[in-house]
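Student: Please take me through the salt bridges of this model and the reasons for the labels used.

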Amino acid sequence: MPSRRRAPLVVEIEVTRRREFSRRLRAWFRKHGRDLPWRRTRDPYRVLVSELMLQQTQVSRVVDYYARFLTRFPTLHHVAEAPRRDVLKSWAGLGYYARARNLHALAKHVTRDGGAIPDDPETLRALPGIGAYTAGAVASFAYERRAALVDTNVERVLHRVFLPTLDPRSSRAQRAGWAIAEQLLPRTGKAAWAHNQALMELGALICTARVRHCARCPVARICETRATDMGEAAPPQR
């Protein structure tokens, strides 16, 4: 008996709904977004350092490390010229030291080829330690490219709002999350910067893994989870 192929997951969000989602999200972010040091810069190196530090690490811990690291290594060239042990020493206490090793390897690679961190997500992904999310984040936050990004917080928000019945742990859900993130991007890179920052902020502060603060959510009126379950509590998700 021939095996049955599962039909591809098709995700298409209505245009008016996409625009309302991004408009409400950005308006909320302008009023409630945190003033974080890496949001005040478009320097690709500083954005990259912040994104690597923020991987699996709370914002409150990263703020001090970020400032100290940049004082010791103000440019990518300083990282490249330093012994790897010095970079690791400045990273000490932050954990997940593969991030520091990857940053050192990336710095050597980039400075050898001219010294500029690329602005294209696909080119960024070829660099040491750079995955799809980090590539999108650097392209969006440093260069204001119209680039999608999906981290744990973003994935949670998108699935609760648009696909609450899909198992968030499945590969189908991950593909759907990226497809939705691409569709939701505003037309300009500058607007996409605010949109992406706001989407991450919503997942970090309002639509958290353990609790949905629906009464304070700017997109609650178009959220499919909210429409079917008015309670504040939510089952833990990734």
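This is a predicted model: local features need pLDDT of at least 70, side-chain atom pairs count only at pLDDT 80 or more; totals for chains, interfaces and linings use all residues.

Tutor: Residues are numbered from 1 along each chain as its sequence is written, and side-chain values use heavy atoms, with hydrogens and water left out.

Student: Why is the pair R34 and E201 called a salt bridge?

Tutor: A salt bridge is a side-chain nitrogen of Lys or Arg within 4 Å of a carboxyl oxygen of Asp or Glu. The N to O distance between the side chains of R34 and E201 is 2.8 Å, so the pair meets the definition.

Student: Where in the chain do R34 and E201 lie?

Tutor: R34 is in the loop between α1 (15–32) and α2 (44–54), and E201 is in helix α11 (residues 189–205), 167 residues apart. Helices here are DSSP runs (H or I, at least four residues), numbered from the N terminus.

Student: What makes E201 buried or exposed?

Tutor: Buried means under 20% relative accessible area, exposed over 50%, and partly exposed in between (1.4 Å probe, protein chains only). E201 has 0%, so E201 is buried. R34 has 30%, and is therefore partly exposed.

Student: How do you know that D167 and R169 form a salt bridge?

Tutor: Their closest N and O atoms are 3.2 Å apart, so the pair qualifies. R169, at 61% relative accessibility, counts as exposed, whereas D167, at 35%, is partly exposed.

How values were computed:
Helices (H or I, at least four residues) and strands (E, at least two) are DSSP runs, numbered from the N terminus.
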